[in-house]
Amino acid sequence: MLKFLIPLLLFIILIVFLAIGLTNDPRYIPSPLMEKPAPEFTLPRLYAPTATFSPELLKGKVWLLNAWTSDCVGCRQEHPHLLELARQDIVSLVGLNYRDSNQLAKSLLEQTGNPYRIVVTDTKGSVGIDYGVYAVPETFLIDRKGIIRYKHIGPLGPDEIYGTLLPLIKKLKQEPA
Amino acid sequence: MKLTTQTRLSAVILLILSSLAVSVQAGVEVRKFSSDEQERRYHKLIDELRCLVCQNQNLADSDSQLAQDLRDKVYQMVTTDKTDQEVANYMVERYGEYVLYNPPLNSITSILWIGPIIGLLVAIFLLLYNIARRNKAKPVTLSEEDRKRTRKLLEDDSADDQKDDDK
């Protein structure tokens, strides 16, 4: 009896592990940047190329950094939700235009609307590397001390925005700067 | 037009060769190194670092934009005399230990490293246990009655076989 039970038991354990594996998203890789200071950078702004932006300017505020490109499908998916979020005026949304042409980025925002308070242009992708961006769109939530508190990979939908982001933003706004 | 076997064969060979040529390596940027040592280190590093976009390829094999950027970064770091450890740390700080094809031994990865050894030890133990048990087993002895029955059964069986053959 035991002779059959042991292999059966092992088989069931194996199946359970494989089943758990199936529910995991292989594209989700936990970021080592979580709970670490947002990497500093200075980049030109899309609508004012002579002016620059760096995260330091938003110290003391809770803000979102959203990495996007004009040719990414997921970015178009989340775009209306970002516009809706911007309309509520709860949090500063900074767009990191990653490895894109300024012209294409501008024309897309003109066509579909601009949810960003500031758009910075990371033409060479070096800031993207510092933030460990590997699959646009990616969104970072940065607290008043300049620490990355949350990262989302892939398009943001209502579930992520209203279920996760907004409650977290509310909480972070109450923390001391 | 009829293809001769020979032309068909050479077409197949050509096809195989051309597909090989594509799959060799994507990381073929022309790089200049000040020493062979640097070049060797560069190739070793891009072989051991994973491309995050196409997860089952290394930086050397991947043609993605990010892999190209990261190869540039590795090149830049190697030519400015950064150690292999510094390059690996740079990548891990940004993308996590997932980028390393050769993960370091720590509390999270310990099961990866120790698991196979434990499996081997268990297998050896079970093997030795079974061998010992088999050696201990007593040979089966048959009584005279058993022998008679066995003989009878065997005879009946061969008689049946005979009948089958006759059919």
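Start by selecting B:V74 and displaying what surrounds it: leaving aside residues up to four places away in sequence, it touches B:Y42, B:L45, B:I46, B:L49, B:L59, B:V87 and B:M91, where contact means heavy atoms within 4.5 Å.

A word on the ground rules: this is a predicted model, in which local features need pLDDT of at least 70 and side-chain atom pairs pLDDT 80 or more, while totals for chains, interfaces and linings use all residues. Residues are numbered from 1 along each chain as its sequence is written, chains are lettered from A and ligands numbered from 1 in the order in which they are written, and side-chain values use heavy atoms, without hydrogens or water.

Now widen the selection to the largest nonpolar core, which has 29 residues, with B:V74 and B:Y95 making the most contacts inside it. (Such a core is a set of buried Ala, Val, Leu, Ile, Met, Phe, Trp, Tyr and Cys residues joined through side-chain atoms within 4.5 Å; buried means under 20% relative accessible area with a 1.4 Å probe, protein chains only.) Colour α2 (36-48), α3 (65-79) and α4 (84-95) of chain B, since each supplies at least two residues of this core. Then hop to A:L64, A:C72, A:V91 and A:L109, which are among the 23 residues of a second, separate core.

Next, show chain B as a cartoon: you will find six helices and zero strands (DSSP runs, H or I of at least four residues for helices and E of at least two for strands, numbered from the N terminus). Of its 167 residues, 23% count as buried.

Technical notes
Buried means under 20% relative accessible area, exposed over 50%, partly exposed in between (1.4 Å probe, protein chains only).
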